[in-house]
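Biologist: Before I use any of the labels attached to this model, I would like to hear what each one rests on. Shall we go through them one by one?

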Amino acid sequence: MLFSSITFLIYFLPCMVLVYFLAPGRMKNTVLLLGSLIFYGWGEPKYLPVMAAVILAGYLSARLIGTCQNKRQSKILLAAAVLLEIFPLIYCKYADFFIQNLNVLTGQKIPLLSIAMPLGISFYTFQVISYTVDVYRGDVPAQKNLLTFAAYVAMFPQLVAGPIVRYSDIRSQLENRTHSVEKCAYGIRRFVTGLSKKILIANVLGELIGQFQASEEKSVLFFWMYAVAFMLQIYFDFSGYSDMAVGLGAVFGFDFPENFRYPYCSASITEFWRRWHISLGAWFRDYLYIPLGGSHVKPVRWIFNIFLVWMATGFWHGAAWNFILWGLMYAVLLLIEKAWLLPYLKKHKIVGHLHVLFFVLIGFVLFDVSSVADFWNCIVSMFGGGQIKPVTTESLYYLKSYAGIILTAVIGATPLPVRLYGRLQKKKGLKQTLDIAEILLLVMLLLLCVAFLVDGSFNPFLYFRF
């Protein structure tokens with residue numbers, strides 16, 4: 001089931017909210033767990049056992065580690081637990097990648113397993129691993145109630161595409177959380193905002209990308225339009241999902257971490273990764289980079305750490321060489337910045353912004369293509385190579401048709417609308433009017449999103465692929 005579907009909006013969510021708030025306090029986690037299992041198993045019930053196995057592995061491993069008094073035995077238990085928890089992810093997501101490359105290297109013809117990847121496995125696996133490691137470190141005690149732990153892992157708002165919510169962040173809320181009209185209203189506002197970003201912006205940009213891919217008369221202009229459109233689409237798609245997750249979490253009494261903070265306003269790649277997919281960056285920092293020694297090691301080892309972490313980041317996104325190269329590209333850029341470029345970028349912020357936008361755009365082209373060869377052909381075409389026309393009648397037509405949505409997306413990717421709204425609220429006599437206008441706008445946006453879905457204008461979330 002998807003947030004941006006009629007089934008979820010009209011049937012599942014209203015029923016879920018009603019049953020949840022009618023349930024007594026001690027039963028709310030059980031209702032949340034059962035609802036989450038229905039949500040996850042609606043379209044693909046065959047993957048419920050995979051998630052259940054990861055949950056059970058995390059629960060039992062943490063209980064064993066939590067009671068173990070011997071440090072050496074705890075380390076062995078931790079290593080075994082992590083291997084057990086990550087095995088389904090490696091098997092489902094990466095088995096065919098390893099087989100393909102083994103066939104290339106050895107000349108063998110080992111048949112591919114062709115396993116479909118369960119939705120959200122990359123996210124809930126990382127949540128369970130972080131919990132297990134935190135128990136080992138003594139940061140949190142092992143959760144004794146299996147239903148409570150299962151509710152944490154399977155919680156439907158953030159189950160299939162994050163943010164990666166750590167157990168330590170919501171441990172107290174799992175046991176005792178508060179519900180209020182104000183918090184619920186905030187959650188609804190965030191949810192409708194995220195839904196609108198997905199349906200009204202990301203999906204429309206996806207239509208432009210579809211026109212580009214179907215075109216037989218591509219031009220330099222069309223290639224740049226595609227690159228810009230995809231860069232904006234993936235932001236509004238994923239940040240829209242994160243907004244919906246944060247909003248739904250608030251409705252059910254949880255405070256989920258923010259996952260995006262206007263990343264395209266960054267003046268360096270270092271800053272970009274502090275604003276983009278924040279929960280993933282923090283996970284790799286705390287559970288891989290710092291345990292490797294971080295930057296408190298010799299220069300050669302530090303460079304190795306950077307490359308390993310960013311190769312893993314790319315590989316986490318997909319089982320293909322273009323994702324690995326995408327991660328390594330950022331490793332090189334970050335090393336260059338940390339070595340000598342960062343002071344210059346901080347001093348010349350306009351240059352820094354252009355630097356970020358250019359390399360992020362190129363990076364997302366690499367992110368989107370199906371092969372490294374396709375990436376090279378795309379880059380050559382973007383810069384006028386390959387005997388391609390600079391402009392065609394078709395590309396001008398689509399530029400005129402989609403200029404409005406592209407401009408809206410560019411403005412919406414900055415804090416300008418929020419700042420403008422905040423200033424207007426401070427003016428005397430306007431706050432009450434703006435509050436009423438906001439409610440009417442949210443209702444209008446929700447109805448518009450539903451109309452788009454009924455009309456069939458719908459694309460799955462891009463990050464469901466990862």
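Predicted model: local features only at pLDDT ≥ 70, side-chain atom pairs only at ≥ 80, totals over all residues.

Biologist: Which residues of H6 are buried, and what do they pack against?

Modeller: The buried residues are Thr148, Phe149, Ala150, Ala151, Tyr152, Val153 and Ala154. They pack against H2, H3, H5 and helix H7 (167-175).

Biologist: What is found at the start of H6?

Modeller: There, a side-chain oxygen of Asn145 comes to within 2.9 Å of the backbone nitrogen of Leu147.

Biologist: Helix H3 takes part in the packing of H6. How does the reach of H3 compare with the span expected for its 20 residues?

Modeller: H3 covers residues 48-67 and reaches 29 Å from its first C-alpha to its last, close to the 28 Å expected at 1.5 Å a residue. Its buried residues include Val50, Val54, Ala57, Gly58, Ser61 and Ile65. Among the elements covering the buried residues of H3 are helix H2 (28-41), helix H4 (71-106), helix H5 (121-137) and helix H6 (146-154).

Biologist: Why is H3 called roughly antiparallel to H4?

Modeller: The axes of H3 and H4 cross at roughly 175° and come within 9 Å. Angles over 145 degrees count as roughly antiparallel, so H3 and H4 get that label. On the H3 side the contact is made by Val50, Val54, Ala57, Gly58, Ser61, Leu64 and Ile65, and on the H4 side by Ser74, Leu77, Leu78, Ala81, Leu84, Glu85 and Pro88. By class, this contact has 10 nonpolar, 3 polar and 1 charged residues.

Biologist: What makes H13 and H14 roughly antiparallel?

Modeller: Helix H13 (residues 321-347) and helix H14 (residues 349-368) pack at an angle of about 175°, with their axes 11 Å apart. The limit is again 145 degrees, and H13 and H14 are therefore roughly antiparallel. Their contact has 15 nonpolar, 4 polar and 4 charged residues.

Biologist: Why is Ser239 called buried?

Modeller: Buried means under 20% relative accessible area, and Ser239 has 1%, so the label applies. Ser239 is in helix H9 (residues 220-251). Leaving aside residues up to four places away in sequence, Ser239 touches Lys197 and Phe260.

Biologist: How do you know that the side chains of Ser239 and Lys197 make a polar contact?

Modeller: The two side chains are joined at 3.1 Å, and the cut-off is 3.5 Å.

Biologist: Why is Ser114 exposed, whereas Tyr262 counts as partly exposed?

Modeller: Exposed means over 50%, and Ser114 is exposed because its relative accessible area is 60%. Tyr262 is at 25%, so it counts as partly exposed. Ser114 sits in the loop between H4 and H5, and Tyr262 in the loop between H9 and helix H10 (269-275).

Biologist: What is the phi of Ser114, and what is that of Tyr262?

Modeller: Ser114 has a positive phi of about 55° without being a glycine. Tyr262, not a glycine either, has a positive phi of about 45°.

Methods: Residues numbered from 1 in each chain as written. Heavy atoms only, no water. Helix = DSSP H or I, 4+ residues; strand = E, 2+ residues; numbered from the N terminus. Buried < 20%, exposed > 50% of the residue type's maximum accessible area, 1.4 Å probe, protein only. Polar contact = N/O pair within 3.5 Å; in protein donor to acceptor, adjacent residues only side chain to side chain. Contact = heavy atoms within 4.5 Å. Expected span 1.5 Å × (residues − 1). Axes fitted to C-alpha atoms, helices over the stretch in contact; angles between N-to-C directions. Parallel < 35°, antiparallel > 145°, perpendicular 65-115°, else oblique. Nonpolar A, V, L, I, M, F, W, Y, C, P; charged D, E, K, R; others polar.
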